Amino acid sequence: MKLSAYNPSNTEEIKQLFTKTFSDSEGQSEGLLIGNLAYELMTSTNAHDFYCFVATENEQIIGSIIFSKLSFESEINAFLLSPVAISTSYQGKGIGQKLINFGLNSLKENGVELAFTYGDPSFYSKVGFSLITEKIVKAPLKLTYPEGWLGQSLVSDEIEPITGNSYCVEAFNNPDIW
């Protein structure tokens, strides 16, 4: 297995990976929603506000993660990890954890201070994320499951409270995602 930054020529293959993976686990409508989100992130987000990484085996993409800029009223360099997809037949083999750690290390090397995600605490805690409340860091949109708001500092042991609102990239401004 090889971990790397994505190649823009693989945009359609990555979109299909997200669509199929989420369709398999959450149903076709969710698959289309997340596949289209991944596509929008890859095609409409400023290159400085976006990272995408892939896991490949035999030159086929079997996993992908996307980080996009999370902006605050203060000057904090933060990114949001979402979405994450590992091909259904490759799940449960640690590929997602390896890919996320690879991505987090790349962000850290590029001066990113904080990483956030919105998902399953039992999975994301394996890669250093922990529950944060909106009293510490306000989520960019209303959360359906507040217990899924997670973060980690890439520069210290804990996340200091951040006052004010946070804002995600345009592709996330869809309440169906949150």
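**Close-up views of a predicted model**

Figure 1. N58 sits in the loop that links β2 to β3. Its phi is near 55 degrees, a positive value although N58 is a residue other than glycine. E59 belongs to the loop between β2 and β3 as well. E59 is not a glycine either, yet its phi is positive, at about 65 degrees. With a relative accessibility of 80%, E59 also counts as exposed, because the threshold for that class is over 50%.

**Figure 2. The packing of helices α1 and α2.** Helix α1 covers residues 11-26 and helix α2 covers residues 28-44. Their axes lie 7 Å apart and form an angle of about 155 degrees. Angles over 145 degrees count as roughly antiparallel, so this description applies to α1 and α2. The two helices cross in a right-handed sense.

**Figure 3. Residues at the contact of α1 with α2.** On the α1 side, the contact is made by T11, E12, I14, K15, F18, T19, F22, S23 and E26. The α2 residues that they meet are Q28, E30, G31, L32, I34, G35, N36, A38, Y39, M42 and T43. Sorted by class, this contact contains eight nonpolar residues, eight polar residues and four charged residues.

Figure 4. The largest nonpolar core consists of 36 residues, and F116 and W149 have the most contacts inside it. Two or more residues each come from α1, α2, β2 (50-57), β3 (60-72), β4 (78-86) and β5 (114-118). Helix α2 is the biggest contributor to this core, giving six residues. Another core, of 23 residues, lies apart from it and includes L81, I86, L104 and F129.

Figure 5. In sequence, F116 and A78 are separated by 38 residues, while their C-alpha atoms are 7.6 Å apart in space.

Figure 6. S82 and P83 are joined by a cis peptide bond, for which omega is about -5 degrees. P83 is a residue of strand β4.

**Figure 7. I162 and the residues around it.** I162 is placed in the loop between β7 (149-153) and β8 (166-168). Although it is in a loop, I162 counts as buried because its relative accessibility is 8%, and the limit for that class is under 20%. Leaving aside residues up to four places away in sequence, I162 touches F72, S74, I76, L114, I136 and V137. A47 is 115 residues from I162 along the chain, and the C-alpha atoms of these two residues are separated by 25 Å.

Conventions. Residues numbered from 1 in each chain as written. Predicted model: local features only at pLDDT ≥ 70, side-chain atom pairs only at ≥ 80, totals over all residues. Heavy atoms only, no water. Axes fitted to C-alpha atoms, helices over the stretch in contact; angles between N-to-C directions. Helix = DSSP H or I, 4+ residues; strand = E, 2+ residues; numbered from the N terminus. Parallel < 35°, antiparallel > 145°, perpendicular 65-115°, else oblique. Left-handed = near helix turned anticlockwise from the far one by under 90°. Contact = heavy atoms within 4.5 Å. Nonpolar A, V, L, I, M, F, W, Y, C, P; charged D, E, K, R; others polar. Core = buried A, V, L, I, M, F, W, Y, C linked by side-chain atoms within 4.5 Å. Buried < 20%, exposed > 50% of the residue type's maximum accessible area, 1.4 Å probe, protein only.
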